Amino acid sequence: MTPVHFAFSSAFILGLTGLAFHRTHLLSALLCLEGMMLSLFIALSIWTVQLNSTSFCTAPMLLLAFSACEASAGLALLVATARTHGTDHLKNLNLLQC
């Protein structure tokens with residue numbers, strides 16, 4: 001494994017562990033998701049450059065578009081949660097009380 005691949009895979013794993021273990025605030029969960037998507041985007045971009053294929057050039061842009069949609073939906077949920085519950089703590093969110 002090259003150092004570049006190790007760096008991006010470790011960045012993805014760190015984002016995943018941050019999402020799994022530090023779930024106190026919704027904003028921290030969203031930041032971990034964005035870090036994971038950024039490492040996936042850069043890794044996919046490097047992969048398409050290494051393959052020298054034009055058929056895979058749209059994949060990083062498509063992933064970036066989905067990442068932007070995920071970020072906007074997450075921020076909308078953050079604002080709605082902060083308005084209704086007064087905080088963004090994940091322990092206060094309960095689907096049975098909706």
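A residue is called buried when its relative accessible area is under 20%, exposed when that area is over 50%, and partly exposed in between, with a 1.4 Å probe and protein chains only. The structure is a predicted model, in which local features need pLDDT of at least 70 and side-chain atom pairs count only at pLDDT 80 or more, while totals for chains, interfaces and linings use all residues. Residues are numbered from 1 along each chain as its sequence is written, and side-chain values use heavy atoms, with hydrogens and water left out.

Helices are named here from DSSP runs (H or I, at least four residues; strands are E, at least two), numbered from the N terminus. The walk begins with helices H1 and H2. Helix H1 covers residues 3–21, and its axis lies 8 Å from that of H2, at an angle of about 160 degrees. That angle makes H1 roughly antiparallel to H2. For these terms, axes are lines fitted to C-alpha atoms, for helices over the stretch in contact, and angles run from 0 to 180 degrees between N-to-C directions. Angles under 35 degrees count as roughly parallel, over 145 as roughly antiparallel, 65 to 115 as roughly perpendicular and the rest as oblique. The crossing of H1 and H2 is left-handed, a term used if the near helix is turned anticlockwise from the far one by less than a right angle, with clockwise giving right-handed.

Contact means heavy atoms within 4.5 Å. On the H1 side, the residues that meet H2 include Val4, His5, Phe8 and Phe12. Their partners in H2 include Ala29, Leu33, Met36 and Ile46.

Helix H2 itself runs over residues 26–51. Its end C-alpha atoms are 37 Å apart, which agrees with the 38 Å that its 26 residues should span at 1.5 Å a residue. The expected span is 1.5 Å times one less than the number of residues. Among the buried residues of H2 are Leu26, Cys32, Met37, Phe41, Ser45 and Thr48. The buried residues of H2 pack against H1 and H3. Just after H2, Asn52 has a positive phi of about 55 degrees.

Trp47 belongs to H2. A search of the whole structure finds one aromatic pair. Trp47 and Phe56 form this pair, which is tilted, with 5.2 Å centre to centre and 40 degrees between the planes. Rings of Phe, Tyr and Trp (its six-membered ring) pair if their centres lie within 6.5 Å; planes under 30 degrees apart count as stacked, over 60 as edge-to-face and the rest as tilted. Trp47 counts as partly exposed because its relative accessibility is 41%, and Phe56 counts as partly exposed at 35%.

Cys57 sits in the loop between H2 and H3. At 44% relative accessibility, Cys57 is partly exposed. Cys57 and Ser45 are 12 residues apart in sequence, and their C-alpha atoms are 7.8 Å apart.

Helix H3 takes up residues 58–85, 28 residues in all, and reaches 40 Å from its first C-alpha to its last, close to the 40 Å expected. Its buried residues are Pro60, Ser67, Gly74, Leu78 and Thr81, and H2 is among what covers them. Ser67 counts as buried because its relative accessibility is 9%. Leaving aside residues up to four places away in sequence, Ser67 touches Glu34 and Met37. Ala65, also found in H3, is partly exposed, with a relative accessible area of 39%.

After H3 comes Gly86, whose phi is positive, near 85 degrees.
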